[in-house]
Amino acid sequence: MLKILDIHTYYGDSYVLQGISLEVEEGSVVAILGRNGMGKTTLVRSIVGFTPPRQGQILFKDIDITHKPTYKIVQMSLGLVPQGRRIFASLSVLENLRVGARGQGAGTWNEEKIFSLFPPLKERAHHKGNELSGGEQQMLAIARALMTNPELLLMDEPTEGLAPLLVRTIGDAILQLKEGGLSTLLVEQNLPFAIKVADYTHVLSKGTIVYSSTPGELWQNEEVKAQYLGI
Ligand SMILES: Nc1ncnc2c1ncn2[C@@H]1O[C@H](COP(=O)(O)OP(=O)(O)O)[C@@H](O)[C@H]1O
Ligand SMILES: [Mg+2]
């Protein structure tokens, strides 16, 4: 679904991603873990074309998207749930969903399906973005991305700042989406959360992948957890 081949990404002279390679297979959830400032968001920005890599290649559904503009990448069915949610504060829940809507075929996302995945959003349908709790805003950010009918979802720290009960709600949703066949690249700092939902995990430090394994192996690896995740 997504293949990243030795990408190197810069902000001006600042060399951030120093040779990242990874793969997200169809229908799987791959988690990228790492502390603040290690390059997780830069990886997401590289994939969606906000900050394209200067070297290396990104293939989405076997098509080279490395130097395509963002709108073309997104049109290929890639959904983004950005860090910090970025929903429209002055628009209602329904309006936020409708501006994201795309595609009308069978089995595609609509408001009804969204509300069955996230029942709290139904009760808040006419409330504005800025009237929602952090957890509701995160549900809405995911819902808005789903309304574009993505085949691959990129999620940047969806549990940031959420209480444990809401973290569980988001986790259940990701697992339900996986059952439906959606592929996901998940960026996280919350290790227990990532372990529960991911099929495979990578640890990012200073712009390189320093460790890769199944979630179970990472959970057992006290050395990696202490050195790179501060746990
Ligand atoms: N727009 C930017 N311009 C310059 N440097 C940036 C920019 N965004 C991030 N950085 C730097 O790139 C590094 C990685 O940042 P980021 O990808 O946001 O990390 P993470 O998401 O893991 O916290 C950090 O050193 C950060 O200061
Ligand atoms: Mg980040």
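Q: How many other C-beta atoms does A101 have within 10 Å, and what does that count tell me?

A: There are 16 other C-beta atoms within 10 Å of A101, so A101 is partly exposed. The cut-off behind this is that a residue is buried with 20 or more such neighbours and exposed with 12 or fewer, and partly exposed in between. Keep in mind that this is a predicted model.

Q: Where does A101 lie?

A: A101 lies in the loop between α3 and α4 (111–117). Along the sequence A101 and A145 are 44 residues apart, and from C-alpha to C-alpha they are 8.6 Å apart in space.

Q: What describes the way two helices pack?

A: Two packed helices are described by the angle between their axes and the distance between the axes. Here, the pair to look at is helix α3 (residues 93–100) and helix α6 (residues 134–146). Their axes come within 7 Å and cross at roughly 30 degrees. The two helices α3 and α6 are therefore roughly parallel to each other, and their crossing is right-handed.

Q: Which residues make the contact of α3 and α6?

A: From α3 come V93, N96, L97 and G100, and from α6 come L140, A143, R144 and A145. Sorted by kind, the residues of this contact are five nonpolar, two polar and one charged.

Q: What about residues along a single helix: which ones point the same way?

A: An α-helix has 3.6 residues a turn, so residues three or four places apart point the same way.

Q: How many residues of helix α1 are buried?

A: Seven of the nine residues of helix α1 (residues 40–48) are buried, so this helix is largely enclosed by the rest of the structure. The buried ones are K40, T42, L43, V44, R45, S46 and I47. After α1 comes G49, with a positive phi near 85 degrees.

Q: Which residues surround ligand 1?

A: Ligand 1 is surrounded by Y11, S14, V16, G34, N36, G37, M38, G39, K40, T41 and T42. The largest share, three residues, comes from α1. By kind, the shell around ligand 1 has three nonpolar, seven polar and one charged residue.

Q: Where does R86 lie, and what is its phi?

A: R86 is in the loop between β6 (78–81) and α3. Its phi is positive, about 55 degrees, although R86 is not a glycine. R86 has 14 C-beta neighbours inside 10 Å and therefore counts as partly exposed.

Q: How do I read a residue in a strand? Take F60: is it buried or exposed?

A: Begin with its place, then its neighbours. F60 lies in strand β4 (residues 55–60). It has 21 C-beta neighbours inside 10 Å, so F60 counts as buried. Not counting residues up to four places away in sequence, F60 touches L2, I65, I73, M76, L78 and L152. F60 and V24 are 36 residues apart in sequence, and 9.6 Å apart in space from C-alpha to C-alpha.

Q: Which residues does L153 touch?

A: Leaving out residues up to four places away in sequence, L153 touches G79, V81, A145, L182 and T184. Its place is in strand β7 (residues 152–156). L153 counts as buried because it has 25 C-beta neighbours inside 10 Å. L153 and I4 are 149 residues apart in sequence and 15 Å apart in space, C-alpha to C-alpha.

Q: Where is A125, and what does it touch?

A: A125 is in the loop between α5 (119–123) and α6. Residues up to four places away in sequence aside, A125 touches S92, V93 and L94. A125 counts as partly exposed, because it has 14 C-beta neighbours inside 10 Å. The C-alpha atoms of A125 and E111 are separated by 9.8 Å, and the two residues are 14 residues apart along the chain.

How values were computed:
Residues numbered from 1 in each chain as written. Chains lettered and ligands numbered in written order. Predicted model: local features only at pLDDT ≥ 70, side-chain atom pairs only at ≥ 80, totals over all residues. Helix = DSSP H or I, 4+ residues; strand = E, 2+ residues; numbered from the N terminus. Near = placed C-beta within 6 Å. Nonpolar A, V, L, I, M, F, W, Y, C, P; charged D, E, K, R; others polar. Axes fitted to C-alpha atoms, helices over the stretch in contact; angles between N-to-C directions. Parallel < 35°, antiparallel > 145°, perpendicular 65-115°, else oblique. Left-handed = near helix turned anticlockwise from the far one by under 90°. Contact = placed C-beta atoms within 7 Å.
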